[in-house]
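Please go through the following model with attention to its helices, its nonpolar cores, its aromatic pairs and its strands.

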Amino acid sequence: MPIPSNHSKPVRLSAKENAFNQLQQWIIDGTLLPGEKLNDNELADALGTSRTPIRESLQLLEARGFVKMYPGKATQVTEIEREAIKDLLPPLAALQSLSAELAIDRLTGEHLTQLENINNRFAEAIQSSNGYAALKVDEEFHQVIVDITKNTYIQGIVESLQAHVRRHFFHNSIVLTEKSIDDHKTIITSMKHGNKEKAVAVMKENWLRTLQKF
């Protein structure tokens, strides 16, 4: 069985981190539906943990806008509002554009090769009409650029916003097209030649195109 050599090694996570990641994924993909009431005990049993990490996770999810806690009453998954995409994408576009600008000064040949390889996989996913695979590879492409900046503030905010992008994808608010393949190629070329203005402009357009089609 061939095993990829470039995969990231698993990181040991705390019970709270495991619970947070799983609950967030269930909310994103609709396993836990918008408006659904969440029961601490049931979630603890399902995840094989105690109530404490569950409650801590729900508090984090509330801070990120995925659940709403009503003390003494209930905790509910927030509704997915399609119009919220108008508030979500502009700040993400701004941060991704800034990342492209900052990354140019730290860019290496290895980074460029990595981005080109990722975009080839992205093209394959788009052309095979595998929407979710394309979304994940698109995330990987942009995450490489964000990580090159080594700016933990940008990384943290982008991570939070990107989770909401995934949720909107599952509710059909976001559709990736072949135009993004060409955008990625232009971004790579612009960064390679140090053309910050071009890289920033194309990156911004790449993220905001969804609003134009909205």
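A residue is called buried under 20% relative accessible area, exposed over 50% and partly exposed in between, using a 1.4 Å probe and protein chains only. The model is predicted: local features need pLDDT of at least 70, side-chain atom pairs count only at pLDDT 80 or more, and totals for chains, interfaces and linings use all residues. Residues are numbered from 1 along each chain as its sequence is written, and side-chain values use heavy atoms, with hydrogens and water left out. Helices (H or I, at least four residues) and strands (E, at least two) are DSSP runs, numbered from the N terminus.

**Thr-149**

- Thr-149 belongs to helix α6, which covers residues 131-149.
- Because its relative accessible area is 7%, Thr-149 counts as buried.
- Beyond its neighbours within four places in sequence, Thr-149 makes contact (heavy atoms within 4.5 Å) with Ser-99, Leu-102, Ala-103 and Arg-106.

**Helix α1**

- Helix α1 takes in residues 15-29, 15 residues in total, and spans 21 Å from first to last C-alpha, close to the 21 Å expected at 1.5 Å a residue; the expected span is 1.5 Å times one less than the number of residues.
- The buried residues of α1 are Ala-19, Phe-20, Leu-23, Gln-24, Ile-27 and Ile-28.
- These residues lie on the same side of α1, because they cover an arc of only 160 degrees around the axis; the arc is taken from the directions from the helix axis to the C-beta atoms.
- The cover over the buried residues of α1 includes α2 (40-47), α3 (51-63), β2 (67-70), β3 (74-77) and α7 (152-170).
- Gly-30 follows α1 and has a positive phi, near 90 degrees.

**Nonpolar cores**

- A nonpolar core is a set of buried Ala, Val, Leu, Ile, Met, Phe, Trp, Tyr and Cys residues joined through side-chain atoms within 4.5 Å.
- The largest core has 40 residues, of which Ile-145, Val-165, Met-191 and Trp-207 touch the most other members.
- At least two residues of this core come from each of α4 (85-103), α5 (109-127), α6, α7, α8 (179-192) and α9 (196-213).
- Another core, of 17 residues, lies apart from it and has Leu-43, Ile-54, Leu-58 and Ala-163 among its members.
- With residues up to four places away in sequence not counted, Ile-145 touches Ser-99, Ala-100, Ala-103, Leu-115, Ile-187, Met-191 and Met-203.

**Aromatic pairs**

- Rings of Phe, Tyr and Trp (its six-membered ring) pair if their centres lie within 6.5 Å; planes under 30 degrees apart count as stacked, over 60 as edge-to-face and the rest as tilted.
- The whole structure contains 3 aromatic pairs.
- Tyr-132 and Phe-169 have ring centres 6.2 Å apart and planes at 40 degrees, so this pair is tilted.
- This pair joins distant parts of the chain, with Tyr-132 in helix α6 and Phe-169 in helix α7, 37 residues apart.
- Tyr-132 is partly exposed, at 29% relative accessibility, whereas Phe-169 is buried, at 14%.
- Tyr-132 also forms a tilted pair with Phe-170, at 5.0 Å centre to centre and 45 degrees between the planes.
- Phe-170, in helix α7, is 38 residues from Tyr-132 and is partly exposed, at 30% relative accessibility.
- Tyr-132, Phe-169 and Phe-170 make up one aromatic cluster.

**Sheet**

- The open sheet consists of 3 strands in the order β1-β3-β2, with antiparallel pairing; two strands pair if DSSP finds at least two bridges between them.
- β1 (37-38) and β2 are the edge strands, each pairing on one side only.
- β2 and β3 run antiparallel and are joined by 4 bridges.
- Opposite Tyr-70 stands Ala-74 in β3.
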